[in-house]
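My entries follow in the order in which I looked.

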Amino acid sequence: MADSTSALALDKPRSPRRPAARRNNFELYSWVFMRISGLALVVLVLGHLFIMNILDGGVHRINFAFVAGRWSSPFWQFWDLSMLWLAQLHGGNGLRTIIDDYARKDNTRFWLKMLLYVAMAVILVLGTLVVFTFDPDIPAS
Amino acid sequence: MTAVAESTVHDTSQIPAPEGSLTVTVKIQRFNPEIDDEPHWESYDVPALPTDRVLNLLMNIKNYVDGTLSFRRSCAHGICGSDAMQINGINRLACKVLVKDLLAKKGKQTTITVAPIKGLPTMKDLYVDMEPFFEAYRAVKPYLIAYGNEPTRERIQSAADRERFDDTTKCILCACCTSSCPVYWADGSYFGPAAIVNAHRFIFDSRDEASEERLDILNDAEGVWRCRTTFNCTDACPRGIQVTKAIQEVKRALLFKRV
């Protein structure tokens with residue numbers, strides 16, 4: 001028969017083909033995280049969009065002073081920081097499962113995931129840095 | 001008569017046409033690994049009674065037109081689960097689908113497309129290699145596991161305890177659900193709905209003592225967490241098992257550490 005998979009299967013008919021379970025709860029926790037962070041993001045992102053785009057004047061009133069004014073309050077700092085972290089981890093985990101589903105080779109899977117993790121790390125570090133070290137008194141240059 | 005070009009008109013005059021029968025076109029995805037590089041479609045205009053099953057049409061084509069047409073079928077009454085195939089794009093048992101449910105609107109020619117189930121390697125025509133499917137099935141230990149001394153009498157179970165897993169005892173391992181799952185198509189390492197259904201059958205059985213073992217297996221990267229609740233499996237099941245619900249119940253058992 002031209003089919004090569006059947007010939008391979010006959011080589012070792014009783015060899016286990018599935019690697020042993022890793023016995024950890026990583027997939028469980030990431031599944032739970034997706035549900036909880038999704039719920040939190042509905043509030044955070046819709047609230048953010050409402051404030052930025054609809055509430056008094058919407059997008060036209062946004063300027064440096066507006067952002068500086070918001071970030072002078074720890075509440076908005078916390079809001080934006082949690083939105084950043086939750087969105088990055090939520091989206092990153094979603095992309096991780098998509099890569100797991102659709103990458104055909106282990107090599108492709110590995111490199112796509114590395115690219116994803118590096119991108120996530122860069123955005124998280126950069127965003128966190130800005131939220132915490134934001135200085136409203138930048139000298140006009 | 002072997003595989004021929006798609007345009008060939010097949011001589012179906014040998015098929016007996018009982019009174020009241022009408023002509024339907026059966027379009028079958030054919031593949032002969034010894035001749036073809038890839039599958040192709042062939043159409044057969046065959047007489048059919050509205051009360052015929054799709055399996056009758058396939059048997060007529062095999063018996064009177066082309067003996068090389070290959071497909072599995074055994075009991076032909078929806079019990080053995082051999083003849084799972086994609087009929088008009090939906091996974092069904094050919095022996096449970098009636099022609100009258102597939103008829104086109106008045107005056108239009110009825111075409112019934114039949115293809116092998118997806119996600120498993122096609123060996124020939126409608127006949128697929130079921131080994132990956134059964135490998136996943138075996139991996140969840142679908143048998144009673146009990147420790148300690150063997151009881152001297154029957155293992156007693158209350159009606160309520162039996163009811164707990166009643167739905168998943170109906171599985172006939174036809175692979176309709178697993179081969180309708182997009183996650184299973186994308187990467188064959190996912191256990192698939194059928195294996196989880198059969199794990200569910202023992203996880204929630206009060207007589208079984210290895211629930212934790214099976215939950216551990218399904219907690220892995222290839223286990224229940226890959227389910228995206230698309231409900232394809234529930235739609236496909238010819239036994240009406242609430243497959244997605246069973247998968248969710250396994251997830252819940254893992255989440256709350258409670259069976």
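I began with the salt bridges between chain B and chain A and counted two, taking a salt bridge to be a side-chain nitrogen of Lys or Arg within 4 Å of a carboxyl oxygen of Asp or Glu. B:R226 forms a salt bridge with A:D101, and the closest N and O atoms of that pair lie 2.3 Å apart. This is a predicted model, in which local features need pLDDT of at least 70 and side-chain atom pairs count only at pLDDT 80 or more, while totals for chains, interfaces and linings use all residues; side-chain values use heavy atoms, with hydrogens and water left out. Residues are numbered from 1 along each chain as its sequence is written, and chains are lettered from A and ligands numbered from 1 in the order in which they are written.

I then looked up the polar contacts between chain B and chain A and found three residue pairs, both partners at pLDDT 80 or more; a polar contact is a pair of N or O atoms within 3.5 Å, where within protein one must be able to donate a hydrogen and the other to accept it, and residues adjacent in sequence count only if both atoms are side-chain atoms. On the side of chain B that touches chain A, at least two residues each come from β6 (122–124), α2 (131–139), α4 (182–186), α6 (211–218) and α8 (243–256), and α2(B) gives the most, with four residues. Helices (H or I, at least four residues) and strands (E, at least two) are DSSP runs, numbered from the N terminus.

For the whole interface I noted 26 residues of chain B in contact (heavy atoms within 4.5 Å) with 19 residues of chain A. The two chains bury about 2100 Å² between them, 51% of it on carbon and sulfur atoms, buried area being the accessible area (1.4 Å probe) that two parts lose on being put together, summed over both. In chain B, the residues that lose the most area to chain A are B:E135, B:D220 and B:W225, together 23% of what that side buries.

Next I turned to chain B itself, which is divided into domain 1 (22–127) and domain 2 (130–256), with bounds from an automatic or database domain assignment. Between these domains of chain B about 1200 Å² is buried, with 62% from carbon and sulfur atoms. B:N91, B:K118 and B:L120 supply 36% of the area that domain 1 of chain B buries against domain 2 of chain B, more than any other three residues.

Is B:G78 buried or exposed? I found B:G78 buried, with a relative accessible area of 4%, where buried means under 20%, exposed over 50% and partly exposed in between (1.4 Å probe, protein chains only). B:G78 is in the loop between α1 (54–65) and β3 (84–87) of chain B and, leaving out residues up to four places away in sequence, touches B:L93, B:C95, B:K96, B:I172 and B:R239.

Last, I looked at chain A, which has five helices and zero strands, and I noted that buried residues make up 30% of its 141 residues.
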